[in-house]
Amino acid sequence: MTTHDPTEQTLAQLGAVDPEAVARQFSELRQRFDEQAARTSGAEAWRAFVVSWTGRKSGTLSHIGDNWLKPAPPALKRAIGQELNRLKDHIEAVLAEKSRGIEAAEQTAAAARSKLDLSLPGAARALGTRHLIRQTYEELQHIFLSIGFSVVEGPEIETPYYNFEALNIPEHHPARDNMDTFYVAGSRELRLLRTHTSPMQVRTMEKQPPPVRIIVPGKVYRRDNPDATHGYMFHQIEGLAVDTDITFCDFKGTVEHFVREFLGPQARTRLRPSYFPFTEPSAEVDASCHVCGGSGCRTCKFSGWIELFGAGMVDPAVYGFVGYDPGKLSGFAFGMGVDRLAMMKYGVSELPLLYQNDVRFLRQFP
Ligand code: PHE
């Protein structure tokens with residue numbers, strides 16, 4: 001407020017000693033009020049303004065009572081009283097009117113603040129994704145499910161019989177050493193953590209008559225020294241197809257189909273002689289390098305080929321363990337390392353990345 005408040009002085013001090021002068025003082029005051037009322041905006045400022053005029057202790061109206069009316073000579077009291085009442089009426093009317101507007105505005109503003117705005121973007125909830133290993137499992141399984149294989153699973157704690165003997169790996173066979181087995185302490189009969197998913201070949205054939213067409217996803221364990229490509233545990237998918245007239249051609253055709261489905265139609269397949277006690281003949285399945293297409297690069301160590309998995313025709317000796325007639329039946333089997341295939345296909349250079357659950361890694365495979 002710039003101008004001095006006249007109600008802090010008496011009317012006599014202001015020189016208003018007759019009714020006309022009193023009326024002038026009141027009309028100036030009324031003007032002053034109207035101007036301030038027009039200028040004031042916002043709920044907070046409005047409340048301060050109202051108090052400055054009507055506040056019981058130091059509001060302008062009570063100043064008028066104290067400084068103008070009380071000390072006035074009796075002859076002027078009536079005129080002052082009338083002017084004061086008119087001013088009060090005016091002030092009350094204006095305050096009532098404008099207060100309503102300000103309250104309404106305040107309510108709308110509060111409502112707007114608290115209102116649910118459906119046009120705002122939602123708070124996105126972070127969603128996990130399937131792990132690369134799981135995705136690769138599903139990819140592999142899908143390929144075999146769509147050509148008539150079905151999925152079975154088996155125990156991770158096995159007996160030496162299923163893990164070795166019945167797979168044509170007798171007690172002192174050197175293949176047992178290669179498999180660096182974990183044995184389970186404390187059990188009465190010797191138990192071990194399966195070193196491959198092949199025991200499920202035996203368990204499945206034991207339980208059901210031919211034909212058999214199964215794949216077996218699962219964890220396997222080996223006492224490897226952990227490094228960039230080895231861990232204590234990894235994931236395999238076993239495959240087994242046995243029927244009365246399955247030939248090496250069926251084996252080769254199935255493997256070639258798989259390679260094209262997994263790596264793309266341009267991928268070529270190569271079978272390289274190998275050895276497993278439970279297949280004869282045995283093969284390592286190679287595919288033309290998916291990075292260079294076969295011309296040679298760092299990924300394929302400049303050979304043009306990538307080793308995918310081991311496989312072969314089921315060795316007739318295995319049929320002997322499950323009561324199948326080796327004279328009538330034939331089939332093929334394969335065992336793939338899922339971690340290996342995932343690393344190869346998605347260019348993952350270090351096996352530990354698959355197990356550290358670092359979201360910066362995992363997010364790359366949504
Ligand atoms: N079980 C073998 C391994 O783990 C892979 C394999 C499975 C080979 C079936 C031939 C047939 O190395």
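Helices (H or I, at least four residues) and strands (E, at least two) are DSSP runs, numbered from the N terminus. What you see here is a predicted model, in which local features need pLDDT of at least 70, side-chain atom pairs count only at pLDDT 80 or more, and totals for chains, interfaces and linings use all residues. Residues are numbered from 1 along each chain as its sequence is written, and side-chain values use heavy atoms, with hydrogens and water left out.

**View 1. Lys301 in its loop.** Look for Lys301 in the loop between β8 and β9. Although Lys301 is not a glycine, its phi is positive, at about 50°.

**View 2. Two cis peptide bonds.** Start at the bond from Pro210 to Pro211, which is cis with omega near 0°. Pro211 belongs to the loop that runs between α9 (199-207) and β5 (212-221). Now move on to Glu280 and Pro281, whose peptide bond is also cis, with omega near -5°. Here Pro281 lies in a strand, β8 (residues 279-288).

**View 3. The shell around the ligand.** Around the ligand you can find 14 residues, where a residue counts as near if one of its heavy atoms lies within 4 Å. The closest are His196, Ser198, Arg222, Gln236 and Gly335. Three strands, β6 (233-243), β9 (305-314) and β10 (330-337), each supply at least two residues of this shell. The largest share, 3 residues, comes from β10. Sorted by class, the shell holds 5 nonpolar, 7 polar and 2 charged residues; Ala, Val, Leu, Ile, Met, Phe, Trp, Tyr, Cys and Pro count as nonpolar, Asp, Glu, Lys and Arg as charged, and the others, Gly among them, as polar.

View 4. Zoom in on pairs of N or O atoms within 3.5 Å, the cut-off for a polar contact. The side chain of Ser198 has an N or O atom 2.9 Å from a nitrogen atom of the ligand. For Arg222, a side-chain N or O atom is 2.9 Å from an oxygen atom of the ligand. Gln236 likewise places a polar side-chain atom 2.9 Å from a ligand oxygen. Taken alone, the ligand exposes 320 Å², and the protein buries 92% of that (areas by the Shrake-Rupley method with a 1.4 Å probe).

**View 5. The two domains.** Step back to see domain 1 (6-114) and domain 2 (132-362), with bounds from an automatic or database domain assignment. Their centres, taken over C-alpha atoms, are 96 Å apart.

Key:
A polar contact is a pair of N or O atoms within 3.5 Å; within protein, one must be able to donate a hydrogen and the other to accept it, and residues adjacent in sequence count only if both atoms are side-chain atoms.
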